[in-house]
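Please take a moment with the sequence and the 3D structure shown here, and then follow the paragraphs below through them.

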Amino acid sequence: MQLNLPARPYAFKCKLSSTALIIIDMQRDFIEPGGFGETLGNDVSLLSAIVPQCQNVLNAWRKAGGMVVHTREAHRPDLSDCPPAKISRGNASLRIGDVGPMGRILVAGEPGNQIIPELKPMDGEIVIDKPGKGAFYATSLHEQLQQRGISHLIFMGVTTEVCVQTTMREANDRGYDCLLLEDCTESYFPEFKTATLEMVHAQGGIVGWTAPADTLLQVLAKTEKSGE
Ligand code: TIU
């Protein structure tokens with residue numbers, strides 16, 4: 001199935017069979033009160049607004065048979081994969097590894113580290129636990145995508161200018177074409193989201209493409225109807 005999406009700076013063209021939907025860090029730590037996002041001093045309520053549209057895209061993508069990858073920012077319980085600089089940075093009320101209302105902050109297996117129930121991974125979908133902001137750093141993501149012949153990535157998730165943009169930049173350097181769904185990503189700072197969308201598609205798409213999720217939903221609905 002060929003997908004041809006109106007996008008900025010120009011149409012994003014890909015084949016369903018060689019495209020993965022990458023959902024960045026839609027975990028309770030960033031979206032619910034009491035997690036890492038809030039301990040950093042952020043208003044986490046802004047982020048939950050994108051959940052329904054993310055669900056729409058995930059459902060449609062699954063129905064079309066597309067590959068799905070979920071990521072979580074997660075550290076080992078002994079924090080051996082967490083640089084001391086990451087733990088000590090800033091003046092967080094609770095630091096990585098401390099016990100918070102949703103368990104140990106940003107630690108794999110804790111309640112706060114789970115992907116929100118609305119976007120819960122299904123059997124067969126890839127879940128990448130990543131110690132960094134970029135999903136390619138110190139993970140098997142690139143190898144897993146290469147094994148499946150993936151060349152194009154469609155992104156959703158949080159936060160736009162931190163883990164989403166970092167992963168898109170890493171993906172660029174590894175040869176992937178990337179589309180960011182504008183209303184399926186959010187930042188604690190709305191102006192940073194706006195700036196990130198601009199910097200992704202500026203300069204002829206220096207980092208990639210952006211488009212509203214409806215463009216993808218419409219294309220998927222049309223191809224479903226025509227049985228392509
Ligand atoms: N703080 C912030 O905006 N983001 C992160 O720490 N991680 C992700 O973006 N996932």
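A hairpin of six residues connects strand 1 to strand 2, where strands are DSSP runs (E, at least two residues) numbered from the N terminus. The model is predicted, so that local features need pLDDT of at least 70 and side-chain atom pairs count only at pLDDT 80 or more, while totals for chains, interfaces and linings use all residues. Residues are numbered from 1 along each chain as its sequence is written, and side-chain values use heavy atoms, with hydrogens and water left out.

Strand 1 (residues 2–5) and strand 2 (residues 12–15) pair in the antiparallel sense over four bridges, pairing being assigned if DSSP finds at least two bridges between two strands. Within this pairing, N4 stands opposite K13 in strand 2. In a regular strand the side chains alternate between the two faces of the sheet.

Turning to the ligand, its surroundings include D25, F30, V158, T159 and Y188, each with a heavy atom within 4 Å of the ligand. A polar side-chain atom of D25 lies 2.7 Å from a ligand nitrogen atom, and a polar backbone atom of V158 is 3.3 Å from a nitrogen atom of the ligand. On the oxygen side, a polar side-chain atom of T159 lies 2.9 Å from an oxygen atom of the ligand. Of the 280 Å² of accessible area that the ligand has on its own, the protein covers 91%, as calculated by the Shrake-Rupley method with a 1.4 Å probe.

Methods:
Polar contact = N/O pair within 3.5 Å; in protein donor to acceptor, adjacent residues only side chain to side chain.
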